Amino acid sequence: MGILSGNPKNQPMHYGEVFAIWSALTGCKGVIAEYQTLLNHAGDKDLKRILEEAIELSRNDSKNLEEILKVNGVYLPPAPPERPLADLEDIPAGAKFYDQEIGAKLSVDIAASLIACSQAMGMCTREDIAMLFGQIHMNKAQLGAKILRLNKEKGWLIPPPIHLSAPGQS
C-alpha cells in the first residue's frame, strides 16, 4: 500500500491542496464581510434573501475548510470583522451600491468561485478534499442559478451583444 491509500483523511495534503483550501477560506471570510456590507445597500427584498443565503453558505463553507486546516496543523487566514447593520436611507446616493450592481457582483463572484472549485477538484489527490470542493461547487452553482433568475426577473441583466450570423453571410 502506498502513501495515498487507505482513509483519505489520514493522507498528507500536498501544497496545492493546502493553498486551495487556505485561499478558499480567505475568500469565504472576505465574502461574508463584503456581502454583509452589500446587504446594507440592497433595497430589493429578494436580493436581500439571496445575499443572506450567500452569507450563510460562506459561513458553512468556512467551517468545513477551517476544520481541514486545523486537523492538518495549518494556521488559519485572518478574517475581517463582522459588519453591522445599517439603514439604507443613511447611505448617500453617490456612495450607494444599487441593486443591479449588487446582482451583477454576485454573478461575477459566483462564476469565479466555480472556476476556483473546479481547479481545486482537478488537482486534489485526497478524495475528501475533492468532494468538499465538489459540494461547494454544487452549492455555488445553485446560488448562481438563483441570482441569474433574479437578475432576469428584475430586468437587471444586461446581455452582451447578440451574434446572429457570421460576417459575410446574409
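Is K29 buried or exposed, and what is its relative accessible area? This is a predicted model, in which local features need pLDDT of at least 70 and side-chain atom pairs count only at pLDDT 80 or more, while totals for chains, interfaces and linings use all residues. Residues are numbered from 1 along each chain as its sequence is written, and side-chain values use heavy atoms, with hydrogens and water left out.

**View 1. K29 in helix α1.** K29 is buried, with a relative accessible area of 14%, where buried means under 20% relative accessible area (1.4 Å probe, protein chains only). Leaving aside residues up to four places away in sequence, K29 touches S62, E66, P77, P78, A79 and P80, and contact here means heavy atoms within 4.5 Å.

**View 2. A20 in helix α1 (residues 15–41).** A20 is buried, and its relative accessible area is 13%. Not counting residues up to four places away in sequence, A20 touches A120, M123 and F133. A20 and Q119 are 99 residues apart in sequence, and their C-alpha atoms are 8.7 Å apart in space.

**View 3. The packing of helix α3 (residues 99–123) and helix α4 (residues 127–153).** The two helices pack at an angle of about 160°, with their axes 9 Å apart, and α3 and α4 are therefore roughly antiparallel to each other, a term for angles over 145 degrees on a scale from 0 to 180 degrees between N-to-C directions. Residues of α3, including G103, L106 and I110, meet residues of α4, among them A130, F133 and I147.

Note on methods. Helices (H or I, at least four residues) and strands (E, at least two) are DSSP runs, numbered from the N terminus. Angles under 35 degrees count as roughly parallel, over 145 as roughly antiparallel, 65 to 115 as roughly perpendicular and the rest as oblique. Buried means under 20% relative accessible area, exposed over 50%, partly exposed in between (1.4 Å probe, protein chains only).
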